[in-house]
Amino acid sequence: MAEPLDIAPATGRLGILTPGMGAVATTLYAGVLAARAGISAPIGSLTQMAHIRIGDRAEGRNPMLKDFVPLASLDDIVFGGWDPISSNALEAARTAGVVEESDLAPLSAEMEGIAAMPAVFDQRWVRNLNGTRVKTGESKWDLAQQLIADIEDFRIANNCDRMVMVWCGSTEAYQEPAACHQSIEAFEAGLKANDENISPSEIYVYAALQSGIPYANGAPNLTTDLPCMEELAIERKVPVTGKDFKTGQTLIKTILAPGFKARMLGMRGWYSTNILGNRDGEVLDDPENFKSKEVSKLGVIDTILQPDVYPDLYGNIDHVVRINYYPPRGDNKEGWDNIDIFGWMGYPMQIKVNFLCRDSILAAPLVLDLALFLDLAHRAGQYGNQEWLSFYWKSPQASPGVAAEHDIFIQQTKLKNTLREWMGEDPVTHSEAD
Ligand SMILES: NC(=O)c1ccc[n+]([C@@H]2O[C@H](COP(=O)([O-])OP(=O)(O)OC[C@H]3O[C@@H](n4cnc5c(N)ncnc54)[C@H](O)[C@@H]3O)[C@@H](O)[C@H]2O)c1
């Protein structure tokens, strides 16, 4: 049995800061406030709903995860954030249109009290948005200092003991890492020189890490996976994780694909298309922003199916992903998947999946879990990339030299075994002896 980690207790208030107060962030706030008031259950959240088996099956120990590891309580959470468009969470939730007016009504005063701070925003990275509540400064360095001051002001005003930051802002235009991303020194010089390769989300992650705050990246653009940020997270001893919340179609993909592979069924193609009409869909209508998303979505099948190990089954797959902006659908995305598989003697079969999902309803519990787990990791003295949180990501950040794990069942085992180890319990392997 492993020695348990020395984990500081979750006393006092936890501030959860979200750059971006759009559909996902406001659905998170509303759901937590509703759960706190006993109005609705936090469905979809492992930290609130899941049990975890400890020891042998025969022992019958199966506590709730939140009773097994010392997590912050929902009652101790306070929300804050930045947005270039909406001024408070109630207004933003109404714009997003995910949570219905009747469900917002009992929460409206608290939602209105969550004010959005003016954002570090640059339309060059999100062409389809016209931000007006935007910080100005002489340089990107100056903007970073303003964010650091916002964080400190928020901490004092809300009497927070600890804070975490989860990016819930729009997906930024695709970019490759540049020279300014190669080290902390180069990045800081780039901030001061207004390097055009530095995007707003990178300024947020820099401000968070410099403030000693754990950071999760909900969008597919680069941030915590840049060499300078990996270095900074280690130097400041802060845990980070990313990227791109695994919801909707990719969630279904990473549930189904491991099953086909487990049964050694072949695959010839997977065609995925979506219609969605929220602001995220509008942003992703721009090819540069969609490219960030496409790169994140396409990696999934290859790593699960291992075509190099199984060339006869998975060596020739056409994988196509499309997202179409269609305003009437709002946040209620519709996804269609056509999966061409083959079986015994090569006979082809087709599977059609039509998922009428609600993106932000699927994403909100992930934000809560990530915030609570990052806070736990921080109190447990963990820092740098938290690979055990790959469960939550479309495009998990892997350790150097290894491929990211996409199979949701392996990811779940890794998450739970990590928690078991931290608490000094044996991992569960599901071998006959267990
Ligand atoms: N909903 C999902 O299932 C899901 C899944 C994976 C990833 N994501 C990602 O999560 C993010 C949020 O999604 P959403 O549906 O809430 O989108 P949204 O468009 O409703 O909200 C994004 C918000 O971010 C704000 N914003 C843009 N740039 C900003 C900046 N520089 N600083 C602060 N705020 C900024 C926008 O004004 C907007 O209010 C997007 O990047 C999306 O791609 C969402």
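Which element gives the largest share of the shell around the ligand? I put this to the model, which is a predicted one, and found that H15 holds that place with 4 residues.

**Ligand shell.** I counted 37 residues surrounding the ligand, and I noted Gly20, Gly22, Val24, Ala219 and Arg279 as the closest. The elements that give two or more residues to this shell are H1, helix H12 (279-284) and helix H15 (359-379).

**Whole chain.** I listed 16 helices and 11 strands in the protein chain. The radius of gyration is 21 Å, close to the 22 Å that the globule rule gives for 434 residues, so the chain is as compact as a globular protein of that length. I also recorded that the C-alpha trace spans about 65 × 50 × 50 Å along its principal axes, and that buried residues make up 47% of the 434 residues. Of the contacts with a separation of 6 or more, 77% come from residues 24 or more positions apart.

**Helix H4.** In H4 (residues 89-96) I found Ala89, Leu90, Ala92, Ala93 and Ala96 to be buried. They cover an arc of only 165° around the axis, which puts them on the same side of H4. Among what covers these buried residues I noted helix H1 (23-36), helix H5 (101-104), helix H6 (108-112) and strand E3 (116-117). After H4 comes Gly97, and I read its phi as positive, near 70°.

Technical notes
Residues are numbered from 1 along each chain as its sequence is written. This is a predicted model: local features need pLDDT of at least 70, side-chain atom pairs count only at pLDDT 80 or more; totals for chains, interfaces and linings use all residues. A residue is buried if 20 or more other C-beta atoms lie within 10 Å of its own, exposed if 12 or fewer, and partly exposed in between; C-beta atoms are placed from the backbone. The arc is that of the directions from the helix axis to the C-beta atoms. Two residues are in contact if their C-beta atoms, placed from the backbone, lie within 7 Å. The radius of gyration is taken over C-alpha atoms; the globule rule is 2.2 Å times the number of residues to the power 0.38. A residue is near a molecule or strand if its C-beta atom, placed from the backbone, lies within 6 Å of it.
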